Amino acid sequence: MLFRFEEIREATGGTFLNPPEGDGVDSVTTDSRIAAPNSLFIAIPGEQFDGHDFLDTARKQGAVLLCVERARLSKLPPGAPAIVVDSAVRAYQNLAKFHRLRFPVKAVALTGSSGKTSVKEMLRAIFNRAYGPEHVLATEGNTNNQIGVPQNLLRLTARHKICILECGTNHHGEIEPLSETIRPDVGLIVSIGRCHLEYLGSLEGVAKEKSTLFRHLSPDGTAVLPLHAAGFDIMKEAAGNHRILCYGSGKDSVMEAVYRGGSVTGSSFELINHATGETATVNWSLSGKHQAGNAAGAATAAAALGIPMKVIAEGLAECVLPGMRMKITRRGEALWINDAYNANPDSMRATLEWLEEFADPAKLLLVLGDMREVGESSRSVHREILERALHTFPGARIAAVGPEMTLAAEELNSPLIQSFPDSASAAEPVRKMVRPGDLVFLKASRGTRLERIEP
């Protein structure tokens, strides 16, 4: 049994209507399409669908208790057992917090404008090395929002020793409830960059929102900050009286990663623990100075929980990134690198700097797509990236994909840039641009769907 009925009432603060029979539920679900015998169905109102419209379906799928919002109580089927709450999302989060606090598991919560998933996977690799994979729980897929975080926490069992939770945001006020749900022992900010400026306004606004991650740190918790990041003072102040550990270059950092260079298949860096004087050389399958910097952040968070330097280095060496994050594929006589899962101006620049280490401009085809949610700066930052690409790789061919990249390309009017309104229209022309021996690199926000172009 996952929750007794009284525990559900205690955790959510709700009121029973048509009290349920039995002792409790074996699972919690928000998806009425999935069979879930003896479950609690939480009716989440969303942008496209409202869970309250599927209460009958949820009961047929096995729900013995429905969590419904007071304002939508009219949609409750007659006689159906329900727990009535003010906010279904908040009830879901409170249940997850209740469940998380059942266990003596340590929790790392991380957020950032870019690099969250990379750092999460680095931490997973470190803790897998330290404890064994069966004792490590980490965010799965793109589940770092108000619904995804509790969904991940409810997977916790007594066997877990550590959990690593990503926290995402694009509006003010979204990180703080996730922090309250997780109650982290370590809060890690990976980066502050030009992402979601449409809603967060400025880099200082990004830092202010991200730093609410520290609001619900455990009393002896640790805040981990990137040195020299925009809004550093804002983040430091938000950490309050908690222990603060910084990473980056300089004497004020706990961990520093000195990048030694790499290729398309991997790189190496020197990891330095300034607090202990320990050093370790890490050879891994990831590349780029930015990823070495991310590794320093992951190493700092792990060190905050007492993981030895040797184990940290061994874990990092085993890290592999999932999905469309630097996915390398040989297609015919060309090498394709798909990094089209996410993008903002800063991550775009970082990957172009990485490519500069080894790419031959004469054999390089850059497929650069729109970056979403960059606010009023959209026109200037898209032009900035294309200008950067032209300057860094003279002679390289560039495909600009999406309405914003198309506008930037028109302004620059370079014969090296071909523009396309969307990925569907770009697919065939871009494939025809590929020559034997080429390196084809794809980078854009997920919504641009550059994966359509890859054959």
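Modeller: Happy to! A residue counts as buried when its relative accessible area is under 20%, as exposed when that area is over 50%, and as partly exposed in between (1.4 Å probe, protein chains only). This is a predicted model, in which local features need pLDDT of at least 70 and side-chain atom pairs count only at pLDDT 80 or more, while totals for chains, interfaces and linings use all residues. Numbering starts from 1 along each chain as its sequence is written, and side-chain values use heavy atoms, leaving out hydrogens and water.

Let's start with helix H13, which covers residues 378–392; helices here are DSSP runs (H or I, at least four residues) and strands are too (E, at least two), numbered from the N terminus. Arginine 383 makes a salt bridge (a side-chain nitrogen of Lys or Arg within 4 Å of a carboxyl oxygen of Asp or Glu) with glutamate 387, at 3.0 Å from N to O. These two sit four residues apart in H13, so about one helical turn separates them. Arginine 383 is partly exposed at 29%, and glutamate 387 is partly exposed at 36%.

Arginine 383 also has a salt bridge to glutamate 411, with the closest N and O atoms 3.2 Å apart. That pair links distant parts of the chain, since glutamate 411 belongs to helix H14 (residues 403–412), 28 residues away. Glutamate 411 is partly exposed too, with 28% relative accessibility.

For context, the count by this rule comes to 33 salt bridges. One of them joins glutamate 7 and arginine 102 (3.0 Å, N to O). Glutamate 7 is in helix H1 (residues 5–12) and arginine 102 in the loop between H3 and strand E8 (106–111), so this bridge ties together parts 95 residues apart in sequence. Here glutamate 7 is buried, at 12%, whereas arginine 102 is partly exposed, at 32%.
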